[in-house]
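Have the viewer open and follow along.

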Amino acid sequence: MTAHPAIVDPAARRRSRALGVFLVLIGLMIYVFFVRSSTAGQLATFGMNPGRQTSALRIADVTLPVLTSLYIMSLLSVALGVAQLAWGFRRAEDVVLGLVALLLVLAFLTWAARDQSLNLVGILEAAVQRATPIALAALSGVLCERSGVVNIAIEGMMLTAALVSAVVGSVSGSLVIALVVAVLASGLLGALLAVLSIRYRVNQIISGTAINILATGATSFVSARFLAVYQHLNSPSKFPNWPVPLLSRIPIIGPAFFESNVIVYLLFVLLIVVHIMLYYTPWGLRTRAVGEHPRAADTLGINVYRVRYINVILGGMVAGLGGVFLVLGSVPRFDELMTAGKGFIGLAALIFGKWNPFGAFGASLIFGFTDTFQAKLQILRAPIPSQFLRMAPYLITMIVLAGVVGRAEPPAADGEPYEKQ
Amino acid sequence: MKRSTRARRAHAQTILLPLLAIVTALILGGILIIVSDLQVIAAFTRIPRQVARPFTDPATQVSLEEALWRHPNEVIVGDAVDVGNRSLRVVEEVTDDRNQISLEEARKLYPELGPGVTIHYNFFQKPGVGLRAAWRSVSVAYSALFEGSIGNPGRMVRAVADWFRGDPSGLSAAFYPLSESLVTSTPYILTGLAVALGFRAGLFNIGAEGQYFVGGLASVFVGYSLKGLPIYVHLPLALLAGMVGGGLWGAIPGLLKAKTGAHEVINTIMMNYIAFALSDWLLNGPMMRPGGYRPISPEIEASARLPRFFGGDIRFHAGFFVALAMAALVYWLLFKTTIGFELRTVGANPHAARYAGMSLTKNIVLAMFLSGGLAGMSGANDITGLIYYMPNAFSAGYGFDSIALALLGRSHPVGVVLAALLFGTLRAGATRMQSVAQIPIDIISILQAMIIIFIAAPEIIRALYRLKRPRVQEPMPESDGDLAEGAPA
């Protein structure tokens, strides 16, 4: 990724050119779709304060002249694209790509809000809530795939944890116990995935698929056989929102990030912990070594199997936390198939975030955003069908995975079973 | 000589292992049915028996002598006593005075065991009751599964006998379950073939769901937009449209894999969700039924419908034979043609294939096109044979089930057809099991998951049944490349 500038890799050069063209295209897209359908004198108002009573400091709403701002955004992305084509941003390519993605989002918002007002903080708040389970799923993927085990069973693990947390939460009346038991239950599924993939060397896609089918079947079975009859087993309480002192007073960021429930904060903590563990501790070095080249790691005395077992079980537990969020963190009840593909979106976020904790979190935020827009789009009566926005995360992931722009490369031994010699 | 016995043992296990996997899954499913049955749980923990004299009904009563043998001669907490015409539970502290009575008062009323007192046994005191309840639970469930999937044998024989006597009225009801099983199996055959063909070429197509959707959309479009065509033109065209639609949908991840190395597993999953969104948009927009508010497509023309052979409720349609024909075609293509040889070689060893001058790009794209085409054909089949329009919630999880099918069928067309018949039968029967025995239909998914695990990790089955591991190379998929080793040569 960080090739020496003197060594020119033709594929890298082609990619950097493709990125330049892509950035210019985004600029043109802003022009074609948004600039041309706006007229001079239109104003867009962005609400900068949450609609509810909060402890955040109030700031003034922002009003932008639509046409001028759109022109600036369009020109800025074209300029960045041209700069990329002419000189190349090299290591800052990811940052520039993120910046232009943000520009596109802003342009879209500005255009959608012309002659209207849009509560930006409200959207951000909703996006964070929607991004949380996705980010936890992606983080679970980071843990597993960095050690070389593909985990497509995240969906099933989340679903199981969601069910367990609903039942245990209702029976015990304690949210903490519910959270712990649910996380342990999905950790158990992680252990099953690990045993199948590592001990029995089952193809990881197959073991993941089996666990997904098992989890959807088992949770729906329990739900239909017990929860439908005994409704009191499915009525846990909900984690309250705890504003973080001081941080929640920051305008915009405060209400969006620091007035949430404990699971969202757990996610933030986990992000930092996993990032530090992965890049600055022996455990992280071992994990990455096992994911890239298990044989070499084994030669150096690292127990490949043990590293993989630990990581997959931890990954299962983190995925479970995402499932718990869906129940105890939002609607406090379990519904059949309530994860609705969030585990798979998490996989997409993992790829888009290039197998890094913070990258995955950023990607999850973007996906959470598109999810929120999609709902908003219908309210704003925008002429773009909301379904296209729903496709966007998946399309972006495919583009990134194909390496047309911002190539994402998985760990080298991802998905390979390891057999000790 | 020695080699051939080994080979024979390996060959025997290729048939034995799937069978044992199915049987084991059914046994575990039965255990699940038992332990999730509240009546069985009650029969294991608290078996009520009323002390009676004279003692007439052993199912609800117990003689005083037997009661005294197991139980102290006085009323204890946990018993139930008759007061007036109600039965009250004896407890230490009364919290609900309509159903409970304190120990002291109960002993005043009934100082000794005798008629009017109900005592409770546990499982170990009356194991027969619990075992019988367990047996009843599982046998009711599984016989409902059998009757729902194959039919009631006695009724079928009688219906046929009546038919010979000139009264065909009972036939359709008697054979309805069988017809439903075949109807349910049809999409499974095609999606299973799709995944199996991918496996043979070393590709993991877990996007059969999306390809099925797109195939259905393409087929329904051809079905309702073209008018006035004769059936022998319109129907093949509708099926072909489904095949091409699904094929193109599958070819995109194939092309990405061949050109950029992007893993097809992720891309097929992404294409699934894109297909759902696309279908949602089309059904709410361009393809919405005129004059309606629901997101469904118009009905296809009569000339685009697969013929049904029997009237009335029997939904069995020609699509089943289309699926069988496709299975034969896939067999021929894979094992009797150069194209199939190339596909299998690329699957078995891409490096060798490239060295032998085969184009990886061409073969990967072709394999994904054919695989997607089969899944698309499955969607087209359901549109033209069953529902005649495109509903918004179209598919029923074929994408993941088909992986189980391909594994169970060892990626061989014949195996896939047999596996699909099994799964279709189970699914169709589960509907009846749900209504008769209140076992949620989701138990089939649990069975399927267990079958996948047992097939994919045969060591578990071998350990359970003390089978020896054959020395010949294990014909199980362990990684991408080995997936093509489905059947022994």
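The largest nonpolar core has 227 residues, and those with the most contacts inside it are A162(A), V324(A), A349(A), L193(B) and I452(B). A nonpolar core here is a set of buried Ala, Val, Leu, Ile, Met, Phe, Trp, Tyr and Cys residues joined through C-beta atoms within 7 Å. A residue is buried if 20 or more other C-beta atoms lie within 10 Å of its own, exposed if 12 or fewer, and partly exposed in between, with C-beta atoms placed from the backbone. The model is predicted, so to speak for it: local features need pLDDT of at least 70, side-chain atom pairs count only at pLDDT 80 or more, and totals for chains, interfaces and linings use all residues. Residues are numbered from 1 along each chain as its sequence is written, while chains are lettered from A and ligands numbered from 1 in the order in which they are written.

- Helices (H or I, at least four residues) and strands (E, at least two) are DSSP runs, numbered from the N terminus.
- Take I452(B): leaving aside its neighbours within four places in sequence, I452(B) is in contact with I206(A), T209(A), A210(A) and I213(A) of chain A, plus A404(B) and L407(B). Being in contact means that the C-beta atoms of two residues, placed from the backbone, lie within 7 Å.
- There's also a second, separate core of 18 residues, and L19(A), V66(A), L80(A) and W111(A) are among them.
- As background, nonpolar side chains tend to be buried together in soluble globular proteins.

**Where the chains meet**

- Chain B puts 35 residues into the contact and chain A puts in 39.
- On the chain B side, the elements giving two or more residues are α9 (231-260), α10 (264-284), α15 (398-408) and α17 (443-456).
- The largest share of that side, 10 residues, comes from α10(B).
- By type, the chain B side splits into 24 nonpolar, 7 polar and 4 charged residues. For this count, Ala, Val, Leu, Ile, Met, Phe, Trp, Tyr, Cys and Pro are nonpolar, Asp, Glu, Lys and Arg are charged, and the others, Gly among them, are polar.

**A helix pair in chain B**

- Helix α7 (residues 171-200) and helix α14 (residues 360-387) of chain B pack at an angle of about 170°, with their axes 7 Å apart. Axes are lines fitted to C-alpha atoms, for helices over the stretch in contact, and angles run from 0 to 180 degrees between N-to-C directions.
- That angle makes α7(B) roughly antiparallel to α14(B); the cut-offs are under 35 degrees for roughly parallel, over 145 for roughly antiparallel, 65 to 115 for roughly perpendicular, and oblique for the rest.
- Residues making the contact include V183(B), L190(B) and L197(B) of α7(B), along with A367(B), L374(B) and D382(B) of α14(B).
- This contact divides into 13 nonpolar, 7 polar and 1 charged residues.

**The chain B sheet**

- 6 strands form an open, mixed sheet in the order β2-β1-β6-β3-β4-β5. Two strands pair if DSSP finds at least two bridges between them.
- β2 (61-63) and β5 of chain B sit at the edges, each pairing on one side only, and the twist averages 40° from one strand to the next.
- Strand β6 (residues 117-121) of chain B is largely enclosed by the rest of the structure, because 4 of its 5 residues are buried.
- β1 (residues 47-52) of chain B runs antiparallel to β6(B), joined by 4 bridges, and P48(B) stands opposite H120(B).
- β3(B) also runs antiparallel to β6(B), over 2 bridges, with V117(B) as the bridge partner of V81(B).
- β3 (residues 80-83) and β4 (residues 86-91) of chain B pair in the antiparallel sense over 4 bridges. Their hairpin has 2 residues between the strands, and G84(B) there takes a positive phi near 65°.
- β4(B) and β5 (residues 100-102) of chain B pair in the parallel sense over 3 bridges, with V90(B) opposite I101(B).

**The chain A sheet**

- 3 strands form an open sheet in the order β2-β1-β3 of chain A, with mixed pairing.
- Helix α2 (residues 66-86) of chain A lies across β1 and β2 of chain A, at about 75° to β2(A).
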